Amino acid sequence: MTNPLFIVSREDWSLHRKGYQDQTRHQQKVREAIKQNLPDLVSDESIIMSDGKQIVKVPIKSLDEYRFRYNYNKAKHVGQGDGESQVGDVLGVDPQPAPGAGKGEGAGDQPGEDYYETEISMEELQTMLFEELELPRLQQKQKEKMQTSDIVFNDIRKKGIMSNIDKKRTIIENLRRNAFSGHPGIHGITPEDLRFKTWEEVQKPHSNAVILAMMDTSGSMGSFEKYIARSFFFWMTRFLRTKYEHVDIVFIAHHTEAKEVTEEEFFTRGESGGTICSSAYQKALDIIETRYNPLNYNVYPFHFSDGDNLTSDNERCVKLIDRLLESSNMFGYGEVNQYNRSSTLMSAYRSIHNPKFQYCIIREKGEVYKALRTFFVKTEAN
Amino acid sequence: MYPHEIKELEKAIAEITEIATGFGLDFYPMRYEICPSDIIYTFGAYGMPTRFSHWSFGKTFNKMKTQYDFGLSKIYELVINSDPCYAFLLDGNSLIQNKLIVAHVLAHCDFFKNNARFSRTNRNMVESMSATAERIRQYEIQYGTEQVETFLDAVLAIQEHVDPSMFKPYRYAERKKRPDDGTDTNRNGKPLTGYEDLWDLDVHGGANDDEEVKRFPPKPEKDLLWFIEEYSPHLEEWQRDILTMLRDEMLYFWPQMETKIMNEGWASYWHIRIMRELDLTTEETIEFSKLNSGVVQPSRHSLNPYYLGLKIFEDIEKRWDEPTQEEKDRHGRVSGDGRKKIFEVREFDSDTSFVRSYLTKKLVEDLDLYVFEKKGAEWKITDKTWESIRDQLVYSRVNGGFPYIVVENGDYDGNGELYLKHHYEGIELDLKYVEKTLPFVQKLWRKTVYLQSVVEDKPVLFSFDGKKHNRKFL
């Protein structure tokens, strides 16, 4: 071959989008994987405890490309040193899984191994989760017809008052003008560079909701039961906030008598003694009467218990629930029942047939999601 | 790249090509394409510009592209084993980078053209893969994207299990009919009478029985893709077609996996020598040296194939240029045969034989190689004997680094079940991956699949019946 052929060419590749298309498909599959993991994510501690964080790390089942392969950890490998390596040198240490972190069970023989973390914004996670949920029996409240006015800064203009100057855009204009005239840099800001933020008044319908979170804090409610209730209320509050402008939560703890408590007390304090659920319902009725007029508020009483009520109190409970239902959008009863006992309270509640009354039994962490879906079920459009 | 830069590059390529030819490198006509980074990375992820679409390539693409965007890694070139040979250069490479790359890819192409492992590869693979991609696209339209994707997932999970023998692999001469699948339609579409089991007794019963109970396959079959394509009773024609096409692609890529160290070593060896012949300015020489040391730098924990291959080739050349008295007497070597010898090695060897025959004690010491493994939570150097290092390196290249798995029985239990066996050679399988992969095999075979392997020195049998996994010690 005396003169091998060669060609140099440079084509227009801008229409070659295959890599991006398949990348999108992969991301889509990652999202699907997150979705499938929603039941686990809903009760994931790191999310529930991540107050205010906008980005959360969620464990998802990785989209591994499975194949028959060797166990890397059990094989020998050849490496290369800088000339002074010796037998016994430690090249690296595998990070020990943090004790107690991750999930305890269900992830194969080495827990947590097939999970990798991906970052997702709380908002995106919520959107995914709430896609499945709907507020049943939304009622028009008087106040919804009321309007509140709000100010939104959403425009930029060349004229305005100095207190509303948009410094960043002013500088950008200056940079642009200077670069255009051949003297790049920030200098000589003139009135024509100035940019101002401008607002608009918008009218928003005003809507309110209140959650009456009731929980049994008698001796039989352990940390697991409380954690379940906490996860549930966490998501419920967030969900209602997407629907209403303003959501109040009132925490009512009860054993044989009911008390309004702070959030912290609600989830941390434990009491001993028996259980009389009707005390909480009575308290809830009182609060609605004094503070949350159902004409103005969407009222959501939710009660979490282990179902271990004083038997003689059950009848009274059913009556009070009837009264509560009159002033509420819905009443939810969640029973945390790890061992699937038959509970006295539940047997009484099975006889309530008001569609506003919903109950759900939660046996394990993963079922918090199920509970959310039971209470906020998507109803057929009528 | 501006037109005048392209002119300049063409001039340089002409010169480099002449030098390479002068050195005796023998390559196909070359097609150099200058591409933007996302295109180069697409090709890198797919292994071929025209390959079919699948999310796993998108995943790789995303990873590679992100690393590039963050400046963590950079692909300067990609070269395709084809005739004419395509080389893709990253738009934005400097002239000196491109000179090095051109020298490098010419040697790659010489290797593709002359190494024996590549002798049976399809040199029109660019077009073949393009046709495959188009066919798969049609199947997607016809049978649904999801359906095709799930099937591709399953095939890709076992794609490495082909038989890449250079010689015509042993094949079951007579095409046996597919084992009875037990469903109530037969493949010929003849109506069934409902008494098949009785007629069958008549046909197979009696004296011939022993003859009939033959092993199936008669010898353990390494080519899992071929076996499933040929004998899986339930696949649709389009599915068999995909199996065949993906198998062809794997057979095409296989020699590249088998010759990674050699191929990169060979290319590095030659780009250094070709660059030495060029008339470089001081600045260019410095830039070249920086680049070159970046390419062949040793890396901790994993071996840099460029560096290892380069060092072995240089060592071979030296040892054949200046043989010792003993080598002269015993092997009849003559001085000055170094070049001739390395050309011979590039023609006949693959990584396993290359390392086994030419990695010497002195090289192992010079390169400071070692064996390391995991002890508790720590990764420790456990061995520095040169023979262990050489052997370990050879093991790691056997069968492309994949576990060697064969079909033992395609009619296990007389029930058409698939029995696979892993030829255990001291390294356990990743058990979690076994559990995740078996369902894919089951999806292709539709009946229970078994995999025999060894765990903690005891033979173990994994199985998956479509619903649940089972693992028992034998």
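Which strand of chain B does strand E3 of chain A join, and how many bridges hold the pair? That was my starting point, in what is a predicted model.

**Entry 1: a pair across the chains.** I looked up E3 of chain A, residues 77-80, and found it joined to strand E4 of chain B, residues 369-375. I counted 4 bridges, and the two strands run antiparallel. I picked out one position here: Gln80(A) stands opposite Leu369(B).

**Entry 2: the contact between the chains.** Next I checked how much of each chain takes part. I get 71 residues of chain B in contact with 52 residues of chain A. On the chain B side, helix H3 (residues 55-69) gives the largest share, with 7 residues. I also sorted that side by type, and it comes to 39 nonpolar, 18 charged and 14 polar residues.

Entry 3: Then I traced an open sheet of 4 strands, in the order E1(A)-E1(B)-E3(B)-E2(B). Its pairing is mixed. From one strand to the next, the twist averages 15°.

**Entry 4: inside that sheet.** I followed E2(B) to its neighbour E3(B), residues 85-90, and noted 4 bridges and an antiparallel run. In this pair, Glu77(B) has Leu89(B) as its bridge partner.

**Entry 5: helices on the sheet.** Which helices of chain B pack on the sheet? I found H2 (residues 37-46), touching E1 (30-35), E2 and E3 of chain B, with its direction at about 135° to that of E3(B). I also found H4 (residues 95-114), which touches E1, E2 and E3 of chain B and makes about 25° with the direction of E2(B).

Conventions:
Residues numbered from 1 in each chain as written. Chains lettered and ligands numbered in written order. Predicted model: local features only at pLDDT ≥ 70, side-chain atom pairs only at ≥ 80, totals over all residues. Contact = placed C-beta atoms within 7 Å. Nonpolar A, V, L, I, M, F, W, Y, C, P; charged D, E, K, R; others polar. Pairing = 2+ DSSP bridges. Axes fitted to C-alpha atoms, helices over the stretch in contact; angles between N-to-C directions.
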